[in-house]
Amino acid sequence: MYRQIIGYIPSVIIPALISMVMIYVYTRLLTPAAFGSYTYVFSAVLVLESSLFYAVPTAVLRFYPRAEIKRRRAGLLKEAYGLFYALSAAVVLVSVCTGLVVDLPEEYRLAAWLALPLLLLRAAVQLNQSVNRSANRMQRHNAINCVHAVLGFGLGLAGLYLLGRGPQSIILGLLLAATVCACIDLPLLASPFRPAAGSFDRRELVKLVDYAWPLVAAAATEVIMQNSDRFMLGSLGGTEMLGIFAVAYSLVERPTSLICLSITTATFSLVLQVMEQQGREAARIQFGRNGIALLAVALPACTGLALTADYVAASLVGPAFRPGVAALIPIMSLAALLRGVRAHFVDHAFHLSGRPLTMLWSYGPATVLNIGLNLWAIPRYGMFGAAWTAVASQSATVIGGWILGSRQFPVWLPPGQVTRCVLAIVPMAAALLLIRFPLDWFGLFAAVVMGAAVYIASAIALDAGEIRSLGLVVVRKRMRGRISVLAS
């Protein structure tokens with residue numbers, strides 16, 4: 001498991017670094033109005049991609065191991081990509097009709113029209129990558145993720161210099177990058193149109209749709225819960241608060257979500273394979289190990305980010321943003337940890353049970369709670385009220401999801417390992433609080449390196465996440481292999 005997690009690290013580290021560079025560069029090249037227009041358009045793409053197109057790749061991950069066992073991989077791909085194209089056609093129809101009726105503002109009209117093909121191509125790349133993950137094509141998955149991130153930033157930057165410093169230049173660069181990455185797996189995209197490749201089974205398609213459409217409902221509810229605070233903060237608190245809040249959110253959400261995704265990329269497909277091949281009890285044990293692996297990485301990452309907030313703000317954002325961003329990052333780091341545990345561990349119980357629609361019973365009340373608390377907290381406490389509201393709503397989804405999910409698939413974590421993971425961050429936290437560095441790039445790197453080194457040492461000493469035990473197993477196997485070679 002840990003070998004797979006380490007193997008997928010490039011697909012996480014490179015996009016995370018590129019996202020930080022994008023924040024640093026684009027906020028210096030674009031006016032606030034132009035950057036705001038780009039943010040609105042790209043946020044709409046992300047919202048639609050997460051709510052509408054998230055379901056099909058997840059369904060592929062769920063059913064791919066079974067299709068491999070039954071030797072109907074080609075049939076599954078036909079059904080999945082056929083469903084994707086049907087959904088894409090519906091999105092195009094609705095979007096074009098809406099665009100012809102609604103008069104979009106001039107400053108981002110072109111960017112909004114370019115966002116439609118960008119949405120579809122990004123969704124296609126996401127679907128292709130789910131197949132690569134399911135088939136354990138680690139190198140291909142890493143390469144596409146890295147090329148997508150680097151090419152998107154490079155072409156967007158070139159567009160700003162060649163076509164003008166407007167949002168459409170960045171969107172066009174991202175569109176070209178998504179086109180290139182989608183075409184890398186062109187044979188997958190052509191799956192529904194190859195009659196000799198595999199049989200199309202309507203009954204299997206119905207199973208795929210039955211599994212996918214509840215995910216759309218749950219994802220749409222989650223998106224509303226996760227993004228409503230920004231719209232409400234802009235209307236109730238003002239654009240200045242919204243700007244500071246959005247910068248702090250981006251600095252926290254991007255690295256933490258990618259860290260959590262790096263774990264679930266390797267572990268979710270693994271627990272599915274274990275369940276199909278060894279049964280529910282073996283899957284339950286693997287599920288608990290997945291959760292510990294997530295906690296062993298996400299907990300120190302979010303804690304470290306919270307304790308280095310002043311270094312991050314001083315290095316990555318402008319002077320006018322720094323005090324607010326530095327104060328918001330610790331609160332948002334707690335919300336990000338809760339969101340990561342919920343999305344990349346607790347929610348997996350609903351997927352493993354094949355009943356994802358029941359996630360709405362935790363998402364729905366939390367969304368209502370989020371909106372209600374924001375209406376009360378933002379006028380009184382501004383952006384800090386919105387940040388603490390996010391913590392409260394994410395806590396509600398973790399607790400509610402754990403209770404509901406356990407009724408369908410046993411959600412558990414080994415208590416001893418949880419304790420070790422928590423204790424392992426204590427020396428790191430003490431070091432970051434007691435040893436201070438200059439508030440600049442050198443200080444940021446020094447704090448990160450020191451915090452990581454102290455945590456790794458304490459995690460090995462405490463065997464948090466079974467890192468020491470698994471490491472000794474690997475060393476022993478290699479030593480035995482070498483002894484066998486020498487003996488022969």
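## Aromatic rings

In this predicted model, the count of aromatic pairs comes to seven. Ring pairs join F287, F345, W402 and F409 into a cluster, so a reader who wants to follow the aromatic contacts through the structure can look for these four side chains together, bearing in mind that two rings count as a pair if their centres lie within 6.5 Å.

## Cysteines without a disulfide

A disulfide is a covalent bond between the sulfur atoms of two cysteines. How many disulfides does a search of the whole structure find? The search finds zero, and C181 shows in one case why a bond is absent: the closest cysteine sulfur to that of C181 belongs to C183 and is 9.4 Å away, which is too far for a bond. For comparison with that distance, a pair of cysteine sulfur atoms has to lie within 2.5 Å to be counted as a disulfide.

C181 is buried, with a relative accessible area of 1%, whereas C97 is partly exposed, with a relative accessible area of 43%.

## Salt bridges

The count of salt bridges in the model comes to five. One of them joins R140 to D185, and the closest N and O atoms of this pair are 2.7 Å apart. The two partners belong to distant parts of the chain, since R140 sits in helix α7 while D185 sits in the loop between α8 (167–184) and α9 (186–189), 45 residues apart.

Another salt bridge is formed by the side chains of D347 and R342, with a distance of 3.4 Å from N to O. Here D347 is buried, with a relative accessible area of 4%, and R342 is buried too, its relative accessible area being 0%.

R420 is partly exposed, with a relative accessible area of 34%, whereas D463 is buried, with a relative accessible area of 5%.

Most residues other than glycine have a negative phi. D463, however, has a positive phi of about 60 degrees although it is not a glycine, and its place in the chain is the loop between α18 (441–462) and α19 (467–487).

Which residues make the nonpolar surface patch of about 530 Å²? The patch is made by L334, W376, Y381, F384 and W388. Helix α16 (residues 360–406) provides the largest share of this patch, namely four residues, while L334 has its place in helix α14 (residues 322–346).

## Contacts within and between helices

T256 lies in helix α11 (residues 239–278), where its side chain reaches the backbone oxygen of V252 at 2.6 Å. At 6% relative accessibility, T256 counts as buried, because the cut-off for a buried residue is under 20% relative accessible area.

G154 is partly exposed, with a relative accessible area of 34%.

In the second pair, E222 has its place in helix α10 (residues 202–236) and is 142 residues from G364 along the chain, with a separation of 8.3 Å between the C-alpha atoms of the two residues. E222 is buried, with a relative accessible area of 17%.

Methods:
Residues numbered from 1 in each chain as written. Predicted model: local features only at pLDDT ≥ 70, side-chain atom pairs only at ≥ 80, totals over all residues. Heavy atoms only, no water. Phe/Tyr/Trp six-rings, centres within 6.5 Å; stacked < 30°, edge-to-face > 60°. Buried < 20%, exposed > 50% of the residue type's maximum accessible area, 1.4 Å probe, protein only. Patch = residues over 30% accessible without salt bridge, like charges linked within 9 Å, V, L, I, M, F, W, Y side chains within 5 Å. Areas by Shrake-Rupley, 256 points an atom, 1.4 Å probe, with all protein chains shown as cover. Salt bridge = Lys/Arg side-chain N within 4 Å of Asp/Glu carboxyl O. Polar contact = N/O pair within 3.5 Å; in protein donor to acceptor, adjacent residues only side chain to side chain.
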